[in-house]
Amino acid sequence: MDKNKAKAAGLARRKRRVRGKIFGTPERPRLRVTRTNANIYAAIIDDTKGHTLVSASTLEAEFKGAHTSNKEAAEKVGKLVGERAIEAGIKAVRFDRGGRIYHGRVKALADGARAAGLEF
């Protein structure tokens, strides 16, 4: 197995392990973080219905022309998803880091969401 396949397999294994323990309910939905090399995405999901309640990402218009793969952008996305969640009446969430280490951009997004008023 080459290095890239091994990394992808490890991420998939960690993702399954984390996802097996976290389930979003209507009272406490799941805050899902997806990170790529170029962008970061956040979505609040109710797993009982399988619906995305609110979402935000660096692909939105307000990030146009800015660097989207740094911690500052991740923190802005966290604040944005947090503000949208508060407007939708969501105060508490379960954090799903998607198999990624709670460090860097993932941590910055979580800090931004907490700063907006979300409770983990």
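**Close-up views of a predicted model**

**View 1. Residue A56 is found in strand β3.** Strands (E, at least two residues) and helices (H or I, at least four residues) are DSSP runs, numbered from the N terminus. The model shown is predicted, so that local features require pLDDT of at least 70 and side-chain atom pairs count only at pLDDT 80 or more, whereas totals for chains, interfaces and linings use all residues. Residues are numbered from 1 along each chain as its sequence is written, and side-chain values use heavy atoms, with hydrogens and water left out. A56 counts as buried because its relative accessibility is 3%; buried denotes under 20% relative accessible area, exposed over 50% and partly exposed in between, with a 1.4 Å probe and protein chains only. Beyond its neighbours within four places in sequence, A56 is in contact with Y41, A42, V77, L80, V81 and R84, contact meaning heavy atoms within 4.5 Å. A56 and L80 lie 24 residues apart in sequence, and their C-alpha atoms are 6.5 Å apart.

**View 2. The largest nonpolar core has 23 residues.** Such a core is a set of buried Ala, Val, Leu, Ile, Met, Phe, Trp, Tyr and Cys residues joined through side-chain atoms within 4.5 Å. The residues with the most contacts inside this core are L31, I44, V77, V81, F95 and L109. At least two core residues come from each of β1, β2, β3 (51-57), α2 (71-87) and α3 (105-116). Helix α2 gives the most, with 6 residues. In soluble globular proteins, nonpolar side chains tend to be buried together. Apart from neighbours within four places in sequence, L109 is in contact with V33, I40, A42, A74, E75, V77, G78 and F95.

**View 3. Helices α2 and α3 pack at an angle of about 35°, with their axes 7 Å apart.** The axes are lines fitted to C-alpha atoms, for helices over the stretch in contact, and angles run from 0 to 180 degrees between N-to-C directions.

**View 4. Residue N39 lies in the loop between β1 (30-35) and β2 (40-46).** N39 counts as buried because its relative accessibility is 12%. The side chains of N39 and T58 are joined by a polar contact of 2.7 Å. A polar contact is a pair of N or O atoms within 3.5 Å; within protein, one must be able to donate a hydrogen and the other to accept it, and residues adjacent in sequence count only if both atoms are side-chain atoms.

**View 5. Residue T68 is found in the loop between β3 and α2.** At 16% relative accessibility, T68 is also classed as buried. Its side chain makes a polar contact of 3.3 Å with the side chain of N39 and reaches the backbone oxygen of A38 at 2.6 Å. T68 and T58 are 10 residues apart along the chain, with 5.8 Å between their C-alpha atoms.
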